[in-house]
Amino acid sequence: MTLEMRILRSDEWDVWYDHLELAFGGVSESRQERELYRALTEVERSLGVWDGQVCVGSAGAFTFRLSVPGGGLVPAAGVTMVGVAPTHRRRGVLTSLMRRQLDDVRAGGEPVAVLTASEPAIYGRFGYAVAAYELGVAVDTSRVALAVPPGTDAVRLRLADPEKALDDCERVYAELATRRPGMPARQPGWERQALLDPPESRGGASPLMCVVAEREDGSVAGYARYRVKPEWDAAGPCGGVEVQDLDALDPAAAAALWRYLFGIDLTSVVRARKRPVDDPLLHLVSDPRRARPTVRDSLYVRLVDLPRALAARAYGAPLDVVLEVEDAFCPWNAGRWRLTADGRGPVRCERTEDAADLELSVRELASAYLGGVALTALAEAGRVRELSPGALAAASRAFTGDVAPWLPHGF
Ligand SMILES: CC(=O)SCCNC(=O)CCNC(=O)[C@H](O)C(C)(C)COP(=O)(O)OP(=O)(O)OC[C@H]1O[C@@H](n2cnc3c(N)ncnc32)[C@H](O)[C@@H]1OP(=O)(O)O
């Protein structure tokens with residue numbers, strides 16, 4: 001069997017995407033979704049593997065800029081659309097796609113690659129590791145009350161057409177992205193993803209709705225996009241509110257939006273997925289257990305150019321540490337690096353011959369990269385080795401952020 005891997009041509013997109021749908025089980029996406037992803041596909045960054053005329057493998061990348069601790073944005077390849085035909089699995093097609101893609105990302109100068117995994121077991125071998133988790137809630141709003149902060153009553157809420165309110169919502173998103181690591185800065189076209197609302201995917205829920213929160217001076221301080229799913233049982237109405245997004249710039253706006261969603265008549269549950277794990281909602285509710293919180297892995301990070309990636313973020317405490325790094329898949333990252341940050345000048349990450357303080361693989365650094373996974377926790381799992389006493393606690397303090405990293409949407 002001779003397989004050919006090459007960059008996609010635009011006129012091959014439909015065949016390539018049909019292959020991808022088949023790799024994911026053969027259920028077709030809605031027309032709306034397909035057209036959005038056609039528009040968002042960066043063809044020159046899309047790889048296809050062909051067995052004759054048949055597409056049997058795919059991998060794409062979006063050109064993102066990802067927020068990192070300290071508020072900076074790092075160029076990042078958003079790895080996507082990975083699939084291998086059921087007839088061609090477990091013979092190295094994905095491995096060859098990952099090899100080519102990471103080489104291309106490196107050559108293109110992006111220090112980081114990111115993805116969300118269909119299955120967490122797939123990507124570790126290529127150096128990816130989970131750097132952000134997400135929270136899900138299903139709040140029993142018939143039993144759970146909200147304790148709102150001062151100022152909540154002054155927030156004005158108005159229902160708006162999601163399309164018409166988009167510019168206001170996007171301004172809120174852009175400001176939040178400077179505050180929280182893990183958020184992709186919006187690239188042109190991506191704002192449309194939040195408006196996707198194919199009727200065939202609503203599962204009995206309403207069309208997408210938007211509520212905008214305004215301060216007394218009229219400035220927009222937050223918004224929520226949601227659907228209402230009516231349900232009835234013998235005891236009466238028991239519908240649900242399905243929250244797609246809730247972004248707010250201050251505590252009063254966040255509380256006002258949640259209070260509104262909790263209070264929608266004929267509903268008794270508010271469900272939200274893809275929330276930050278430190279969502280303030282957990283501190284507003286009277287009964288966090290009845291919010292039924294769940295946590296799962298969300299954003300996976302791969303450090304492609306280790307020194308540039310580590311130098312692109314800020315650290316929460318002064319740092320001077322020598323890292324002995326293992327990286328089998330991208331050996332240019334392997335070896336000994338001195339990472340220094342004094343909080344004033346630029347962060348430096350340079351090769352050194354000095355004795356190492358910590359020994360770890362590139363995956364542990366990827367996990368810790370956005371500040372959401374502590375090096376001390378990884379050390380307790382035996383995945384970071386401390387070679388000089390005190391180095392672990394100091395490095396862990398510097399890497400860990402005070403805001404949990406968060407990926408608000410899939411890609
Ligand atoms: C970012 C995204 O787009 S995530 C979406 C990923 N795509 C999907 O989940 C669609 C359905 N699955 C598939 O298309 C394929 O099974 C893929 C892409 C996951 C794997 O493709 P393959 O070509 O079979 O992978 P390949 O043969 O290169 O396997 C490499 C290694 O990963 C392992 N592996 C592959 N898939 C999986 C999996 N789903 N779970 C665990 N291990 C896996 C293989 O066993 C192999 O291990 P080895 O090196 O120890 O032998």
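**View 1. Tyr 123 in the loop between strand 5 and strand 6.** Tyr 123 sits in the loop that joins strand 5 (112–115) to strand 6 (129–140); helices (H or I, at least four residues) and strands (E, at least two) are DSSP runs, numbered from the N terminus. This is a predicted model, in which local features need pLDDT of at least 70, side-chain atom pairs count only at pLDDT 80 or more, and totals for chains, interfaces and linings use all residues. Residues are numbered from 1 along each chain as its sequence is written. Tyr 123 counts as buried because 23 C-beta neighbours lie inside 10 Å. The classes are buried for 20 or more other C-beta atoms within 10 Å of the residue's own, exposed for 12 or fewer, and partly exposed in between, with C-beta atoms placed from the backbone. Residues up to four places away in sequence aside, Tyr 123 touches Leu 115, Ala 117, Tyr 128 and Tyr 300; contact means that the C-beta atoms, placed from the backbone, lie within 7 Å.

**View 2. Phe 411 in the segment after helix 10.** Phe 411 lies in the segment that follows helix 10. An unreviewed UniProt entry carries the annotation "active site" for Tyr 123 and Phe 411; UniProt positions are given in the numbering used here, feature names are shortened, and annotations may be inferred rather than shown by experiment. Phe 411 is buried, since 20 other C-beta atoms are within 10 Å. Leaving aside neighbours within four places in sequence, Phe 411 is in contact with Phe 62, Gly 78 and Thr 80.

**View 3. Thr 400 in the segment after helix 10.** Thr 400 is placed in the segment after helix 10 (391–399). With 19 other C-beta atoms within 10 Å, Thr 400 is partly exposed. Its contacts, apart from neighbours within four places in sequence, are Gly 316, Gly 371 and Ala 374. Thr 400 and Gly 372 are 28 residues apart in sequence, and their C-alpha atoms are 6.1 Å apart in space.

**View 4. The shell around the ligand.** The ligand is surrounded by 22 residues, of which the closest are Val 82, Arg 89, Leu 94, Thr 95 and Ser 118; a residue is near a molecule or strand if its C-beta atom, placed from the backbone, lies within 6 Å of it. Strand 4 (73–84) and helix 3 (93–108) each supply at least two residues of this shell. The largest share, six residues, comes from strand 4. By class, the shell holds 12 nonpolar, five polar and five charged residues. Ala, Val, Leu, Ile, Met, Phe, Trp, Tyr, Cys and Pro count as nonpolar, Asp, Glu, Lys and Arg as charged, and the others, Gly among them, as polar.

View 5. Strand 15 (residues 319–326) pairs with strand 16 (residues 335–341) in the antiparallel sense over seven bridges; two strands pair if DSSP finds at least two bridges between them. Asp 320 stands opposite Thr 340 in strand 16. Strand 15 also pairs with strand 18 (residues 358–361), in the parallel sense and over four bridges. Glu 324 has Glu 359 in strand 18 as its bridge partner.

**View 6. Val 220 in strand 9.** Val 220 belongs to strand 9 (residues 220–229). Val 220 is buried, as 20 other C-beta atoms lie within 10 Å. Not counting residues up to four places away in sequence, Val 220 touches Asp 168, Arg 171, Val 172, Val 212 and Glu 214.

Methods:
Two residues are in contact if their C-beta atoms, placed from the backbone, lie within 7 Å.
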